[in-house]
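Visitor: I have a structure to look at and some questions about how its parts are held together. Please walk me through it.

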Amino acid sequence: MSIVKINVLNVPAEARETLEKRFASRAGAVEGSDGFEWFELLRPVEGTDNYLVYTRWRDEESFQAWMEGPMKAAHQGGTDRPKPASDSSALWSFEVVQQASPKS
């Protein structure tokens, strides 16, 4: 079954709009990657400053290939690269053991 990677980004209130705009401008950056299955950017509603970046992959190898290729290239830059919108992050990893979809 698939794997899920959740990047937990702590984003101060004043940087939320910046983060969301940056993700909107990267639309399509991961969608063509081999093994990619799903992406969601989840905005906190209450009680936390943590955004969740949810990605789902066919397997760990597909995720690692993306991390070492397109993702690494996208995050490299010179001294003019903008400051990150988040002040900290953590990566959570899960295996999908059950799933359900709406009945038609």
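Guide: Start with a network of salt bridges: D34, R58 and D59 are linked in one. A salt bridge here is a side-chain nitrogen of Lys or Arg within 4 Å of a carboxyl oxygen of Asp or Glu. This is a predicted model, where local features need pLDDT of at least 70, side-chain atom pairs count only at pLDDT 80 or more, and totals for chains, interfaces and linings use all residues. Residues are numbered from 1 along each chain as its sequence is written, and side-chain values use heavy atoms, with hydrogens and water left out.

Visitor: How many salt bridges does a search of the whole structure find?

Guide: Side chains of opposite charge can pair when their charged atoms come close. Searching the whole structure for such pairs gives a total of eight.

Visitor: Is K5 buried or exposed?

Guide: K5 forms a salt bridge with E60, with the closest N and O atoms 2.9 Å apart. E60 lies in helix α2 (residues 60-75) and K5 in strand β1 (residues 3-10), so the bridge ties together parts 55 residues apart in sequence. Buried means under 20% relative accessible area, exposed over 50%, and partly exposed in between (1.4 Å probe, protein chains only). E60 is partly exposed at 31%, whereas K5, at 6%, is buried.

Visitor: What separates K21 and E17 along helix α1?

Guide: K21 forms a salt bridge with E17, the closest N and O atoms being 2.9 Å apart. Both residues are exposed. They are four residues apart in helix α1 (residues 16-25), so the separation is about one helical turn.

Visitor: Which strands stand at the edges of the sheet?

Guide: Four strands form an open, antiparallel sheet in the order β2-β3-β1-β4; two strands pair if DSSP finds at least two bridges between them. Each edge strand has a single partner, so one side of it is left without a neighbour in the sheet. The edge strands are β2 and β4 (88-95).

Technical notes:
Helix = DSSP H or I, 4+ residues; strand = E, 2+ residues; numbered from the N terminus.
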